Amino acid sequence: MGQLADESLKVARCRQGDPDALAELREKCQSPLLGILLSRGADRTEAEDLLADLWADCVPGNDDRPSILEKFSGKCTLQGWLATVATNRWVDRKRKQSRYVTPGQNESGQSEHDYLARLEAASYASEDTLIALLRDCLKAAFALCGPEARVLLRLVYLYELSQREIVQMLGWSESKVSRFLTKAMEEIEKHTLSEVKKRDPWLDLTWQDFVELCETHQIGFM
Amino acid sequence: MAERLQILLKFLDRFDEEVQGRELSEPAEDAKIKLQRFARGTLSEEDQTEVFVLLDRNPEWTAWLAKEVKGLRQPS
């Protein structure tokens, strides 16, 4: 049985509140998820609190509250999905903490920029916090590329034209096309991660983390 | 690296589709002619720059251009 098929059986048992399946899930994922949250910048207490809440939410409630696992599509690994949910909750929590303003602080010299930054942060609270962050950082990075790079990247990576076809269209050499695309991708990576740092300095995402979170959001949620 | 970029482009497109309710719109006739010439590699550098801006403003036309280029492939 494949990993995803095997997991979907276990998830079905968890959704029904099977205590053995829930204990098994926690046993298997607690340590890796803790490691992921720590590597992304959470401190141990934050990470342990988040995971305790996450496991509690995996259990369906007596008041007809469904298990959070009802939202899992089964199209990605369960651990990857749980890591995305936990990271989202952590970012959300940190944002709320950073938005908290001590009474009187506004009068004592909070700059307009700080105020606007807080307003922007507040706007994330109404939607999926992490996804809004990923989307906005990625959009900002693409916006810094020229139209040439944005169009060529779409033609090659989304619509699967070959680099040879691009060579024929533009009259460039193959090495120029290849260098251009590589540089554009590197710029997007650099600008995206720098946007993340600018918006949430406490969040440590690698490029691989970033891409995995985007992918999980795309396929992992019902 | 290529696979990663594909994931990211699809991720972004999903939001754009949600926001714009994007349809597969065909380019206007004059734009079609330019895109067909672009596909065949017969546009000057200056016109290429213009087409890049046009496609950037109308990303849904990129699919049309890609189809046009694929139509030029020799049957294997």
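Mentor: Begin with burial. A residue is buried if 20 or more other C-beta atoms lie within 10 Å of its own, exposed if 12 or fewer, and partly exposed in between, with C-beta atoms placed from the backbone. This is a predicted model, in which local features need pLDDT of at least 70 and side-chain atom pairs count only at pLDDT 80 or more, while totals for chains, interfaces and linings use all residues. Residues are numbered from 1 along each chain as its sequence is written, and chains are lettered from A and ligands numbered from 1 in the order in which they are written.

Trainee: Is Ser31(A) buried or exposed?

Mentor: Ser31(A) has 11 other C-beta atoms within 10 Å, so it is exposed. Ser31(A) belongs to helix H2 (residues 19–39) of chain A. Of the 222 residues of chain A, 32% count as buried.

Trainee: How many helices and strands are in chain A?

Mentor: Helices (H or I, at least four residues) and strands (E, at least two) are DSSP runs, numbered from the N terminus. Chain A has 10 helices and 0 strands.

Trainee: How is a pair of packed helices read?

Mentor: Two packed helices are described by the angle between their axes and the distance between the axes. Axes here are lines fitted to C-alpha atoms, for helices over the stretch in contact, and angles run from 0 to 180 degrees between N-to-C directions. H6(A) and helix H9 (residues 174–199) of chain A pack with axes 8 Å apart, at an angle of about 130°.

Trainee: Why are H6(A) and H9(A) called oblique to each other?

Mentor: Angles under 35 degrees count as roughly parallel, over 145 as roughly antiparallel, 65 to 115 as roughly perpendicular and the rest as oblique. The angle of about 130° therefore makes H6(A) and H9(A) oblique to each other.

Trainee: Which classes of residue make the contact of H6(A) with H9(A)?

Mentor: Two residues are in contact if their C-beta atoms, placed from the backbone, lie within 7 Å. Ala, Val, Leu, Ile, Met, Phe, Trp, Tyr, Cys and Pro count as nonpolar, Asp, Glu, Lys and Arg as charged, and the others, Gly among them, as polar. The contact of H6(A) with H9(A) has 9 nonpolar, 2 polar and 2 charged residues.

Trainee: How many residues of chain A are in contact with chain B?

Mentor: There are 24 residues of chain A in contact with 26 residues of chain B. H7(A) supplies the largest share of the chain A side, 9 residues. By class, that side has 14 nonpolar, 3 polar and 7 charged residues.
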